Amino acid sequence: MRIADTAINVVRAAVSSVTDPEYADLTIQQLGILEDVVADSISIRVDLVPTILGCPALDVIEKDVVAAARASGYDVTVRFCMSPIWTPDRISEDARQILAEEYVVTIRPREGPTKCPLCGNTALQPRSDVGGTACRSVEWCPDCRNPVEVVRSRQMGER
Amino acid sequence: MGNLKRLPRPKKIRITPTNVRLYNGVVRNWPNMDEFEKFLNEGGIVEPNDDIPEGYRNAVFSFIEMHANSEYMGGLTERDWIPKAPGLHRKMTALAKSQDEIGHAHLLYMVAADLGVKTREEMITDLLEGRTHFHNVFHYRVHSWTDQIAVAYLVDAAALASQQAVFKNCSYGPYKRILRRVIAEEGFHMRNGEEMLLLMARGTDVQHQMMQESIDRWWLPSIQLFGPDSRPDDELLRWHIKSERNEDLRDRYIQKFVPQLLGGGFTIPDPGLRQDSEDGKWKISEIDWQPLKKIMRNGGPDSARRISDARRAWYDAEWVRVALDAAAKADA
């Protein structure tokens, strides 16, 4: 006997709308932080993939996930997974659009130049390897003259 | 111990989705100030490539420079608490917040420098030599961990409220776009402040007392952050650099935070505080603005130490800048 799939689906629906503690219009589902909802005979567990392991917002995300699940009628435990490792590839297309249009944040493509989300210029000038968070670098668009934050597509330490 | 049930749960900050992607590449110029102000009144957004009137350029520059200086000084204050914060989790939070603030300062200095009034080096030198200004709240000493909580709870909330008001109607495109990010990140800082305050409110009598003493020290500086009443001819309002009068922002803050603090079993250090019997609004005593004027000329109780600490941090890190420059040249 295991917990019914319907319960898992209810929890999945509830926790996928939990938003990022900073970016209130992006969900943990869109950002690729939500990995899976799993159940055994007695409990339901939500697996999350942190963007960085040292993220100080993890306990806030955990609390929000537990509260959202409880509001849907189920108590859950949360596990932060050591693998898979989060990469910006996990960010969904619609989240990419919100990041670009609302926040002037873009994701460094695996191939080809990074584009300014405002004017499309591909000749961005690097200004700092790290910005407000370790996962973003800061560049300057000399055409529309706005700073652009770029989410790295590789882990820290790689060039 | 107060009645904790009355303390409302921290609310998640939500910003009405406003698409800040307003850039369309059109370069504009205006024949005179009347036309320019008409453009602003109709909700026009000024871009760096526009032919920007000198008065507006200087006003928006000074405003952003002051904001950048404040983020920078705030980041350094936060940094002081990384080694002293109780426990690994609080240290990580202090580290992340400090990095956020310095990151905000970096973006703001880039946009300010682009306005062509001063270079970034000139802005930093002016700040470190005490020639320019930063928010009043960073001119006081943070005495204890509960002071740091009061700063995170009261001061960050006041700063956030004023940034939200600027963002709402800000006419300078690049600044508005940075504010969008700053507000998103500051909202998280505030939630962190609320969580730490609740912990103290539920703590031992000694912790509660310590927290009360910190609230007593930081209440007045926090409400003074909004500044004295706006002048009727304030050009920052006329040019939509700011969108709300100082007194309106201050009042809204008071209406929100007085009940929150009372609900947590704390008192407000204001013997003249009363609730209006007719409209139910909280009224505070008349504020004496003379001390603030002195503080804003860098003559506050902790100004000299703060500025000299910032100067030391800057020159201690000189070798990093030299090394990075050398590495960049070697790569080129």
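**Interface and local features of the predicted model**

Across the interface of chain A and chain B, 14 residue pairs are in polar contact, with both partners at pLDDT 80 or more. A polar contact is a pair of N or O atoms within 3.5 Å; within protein, one must be able to donate a hydrogen and the other to accept it, and residues adjacent in sequence count only if both atoms are side-chain atoms. The side of chain A that touches chain B draws two or more residues from each of helix 2 (58-71), helix 3 (93-103), strand 5 (125-128), strand 6 (136-141) and strand 7 (146-151). Helices (H or I, at least four residues) and strands (E, at least two) are DSSP runs, numbered from the N terminus. By class, this side of chain A has 19 nonpolar, seven polar and 14 charged residues. Ala, Val, Leu, Ile, Met, Phe, Trp, Tyr, Cys and Pro count as nonpolar, Asp, Glu, Lys and Arg as charged, and the others, Gly among them, as polar.

The model is predicted: local features need pLDDT of at least 70, side-chain atom pairs count only at pLDDT 80 or more, and totals for chains, interfaces and linings use all residues. Residues are numbered from 1 along each chain as its sequence is written, chains are lettered from A and ligands numbered from 1 in the order in which they are written, and side-chain values use heavy atoms, with hydrogens and water left out.

In total, 40 residues of chain A are in contact (heavy atoms within 4.5 Å) with 34 residues of chain B. The buried area between the two chains is about 3300 Å². This is the accessible area (1.4 Å probe) that two parts lose on being put together, summed over both. Carbon and sulfur atoms give 50% of it. Seven salt bridges are counted between chain A and chain B. A salt bridge places a side-chain nitrogen of Lys or Arg within 4 Å of a carboxyl oxygen of Asp or Glu. Arg181(B) pairs in this way with Glu149(A), at 2.8 Å from N to O.

Over all chains, the count is 41 salt bridges. Asp89(A) and Arg110(A) form a salt bridge at 2.9 Å, N to O. This pair links distant parts of the chain, 21 residues apart. Asp89(A) lies in the loop between strand 3 (76-80) and helix 3, and Arg110(A) in the loop between strand 4 (105-107) and strand 5. Pro84(A) also lies in the loop between strand 3 and helix 3. A cis peptide bond, with omega about 5°, joins Ser83(A) to Pro84(A). Arg145(A), not a glycine, has a positive phi of about 60°. Its loop runs between strand 6 and strand 7 of chain A.

Chain A has three helices and seven strands, in the order α-β-β-α-β-α-β-β-β-β from the N terminus. Its C-alpha atoms fill a box of roughly 60 × 30 × 25 Å along the principal axes.
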